[in-house]
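Please examine the sequence and the model together. The report below takes up selected local features in turn.

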Amino acid sequence: MEQPRFLLTGDTSLSVEFGSEISEAINRRIRAFGLALEAAAIPGVTELVPTYRSMMIHYNPEVIGYAALTARLTAVLGGLDQIALPPSQVLEIPVLYGGEAGPDLAFVAEHAGLTPEEVIARHTKPEYLIYMLGFTPGFTYLGGLDERLSTPRLAQPRVSIPAGSVGIAGSQTGVYPIASPGGWQLIGRTPVRMYDPHRAVPILPKAGQYIHFYPIDQAEYDRIAALEAGEGYTCRCHAREEGAQ
């Protein structure tokens, strides 16, 4: 595996790059690095932002300079093999597939040479690793989509996509946490609020977790949506078994 390297990204940030590919092995090292940095509590470090292949570190240069920071980071990197990662959590996300909630399900099925029911079965089988969050608050970049479901983006992006929409773009799948423009093929929608600025923890998913989608009908969608509009809905969450797909 490649040795991590430091990349200057601005006056108050740098990136520690762990490799040149997207893989779960690299992701585990990034997770371990994040845990080690939290334990080290380096003065001046203000934010950690994990990505597919790196960790961006924001810092206050009035507290710690670049040279001193990279020296501290190098020391932390030297102890990563001693970091025991806790079991990953699997977040269960209910999805209403097809119809108005998933207007592109038929196209995805046709493109894959499958029936809509087969698309749903394949989409709900994996546990998808959340590699990173971005684009909009809580937007999940997931790994693990069935290759058969890989579908090109829309030729003409939509001006507005409803919050909770579940889509596919190329070899990725994910959930739109807020209403926004987008060009992903929409196959369903979740009533769960992936982002809610009024919650104590606004963003529901976390990098390093896994997401498992499961199908629901309109009645269950309406029930969960009503709970979210009131006291809130709590998604099921469990520890992921080692070796699970």
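## Asp196 and its loop

In this predicted model, the side chain of Asp196 reaches the backbone nitrogen of His198 at 2.9 Å. Asp196 belongs to the loop that runs between strand S12 (185-189) and strand S13 (210-215). Its relative accessibility is 11%, so Asp196 counts as buried, the cut-off for that class being under 20%.

Ser54 is part of strand S4, which covers residues 54-59. Ser54 is classed as buried because its relative accessibility is 11%.

Two polar contacts involve the side chain of Ser54: one with the side chain of Thr51 at 2.7 Å, and one with the side chain of Ser15 at 3.4 Å. When residues up to four places away in sequence are not counted, Ser54 touches Ser15, Val16, Glu17 and Phe18, together with Ile30 and Val49.

## Packing of helices H1 and H2

Helix H1 spans residues 24-40 and helix H2 spans residues 66-77; their axes lie 10 Å apart and the helices pack at an angle of about 120 degrees. The crossing of H1 past H2 is right-handed.

On the H1 side, the residues that meet H2 are Phe33, Ala36, Leu37 and Ala40. Their counterparts in H2 are Arg72, Leu73, Val76 and Leu77.

## The buried face of helix H4

Helix H4 comprises residues 116-123, and within this helix Val119, Ile120 and His123 are buried. Viewed down the axis of H4, these buried residues fall within an arc of 100 degrees, so they line one face of the helix.

## Positive phi values in two loops

Ala41 has a phi near 45 degrees, a positive value in a residue other than glycine. Ala41 is located in the loop between H1 and strand S3 (45-50). With a relative accessible area of 53%, Ala41 is exposed.

Phe135 also has a positive phi, near 70 degrees, and is likewise a residue other than glycine. The loop that holds Phe135 lies between strand S6 (128-133) and strand S7 (140-143). Phe135 counts as exposed because its relative accessibility is 54%, the cut-off for that class being over 50%.

Methods:
Residues numbered from 1 in each chain as written. Predicted model: local features only at pLDDT ≥ 70, side-chain atom pairs only at ≥ 80, totals over all residues. Heavy atoms only, no water. Buried < 20%, exposed > 50% of the residue type's maximum accessible area, 1.4 Å probe, protein only. Helix = DSSP H or I, 4+ residues; strand = E, 2+ residues; numbered from the N terminus. Arc of directions from axis to C-beta. Polar contact = N/O pair within 3.5 Å; in protein donor to acceptor, adjacent residues only side chain to side chain. Contact = heavy atoms within 4.5 Å. Axes fitted to C-alpha atoms, helices over the stretch in contact; angles between N-to-C directions. Left-handed = near helix turned anticlockwise from the far one by under 90°.
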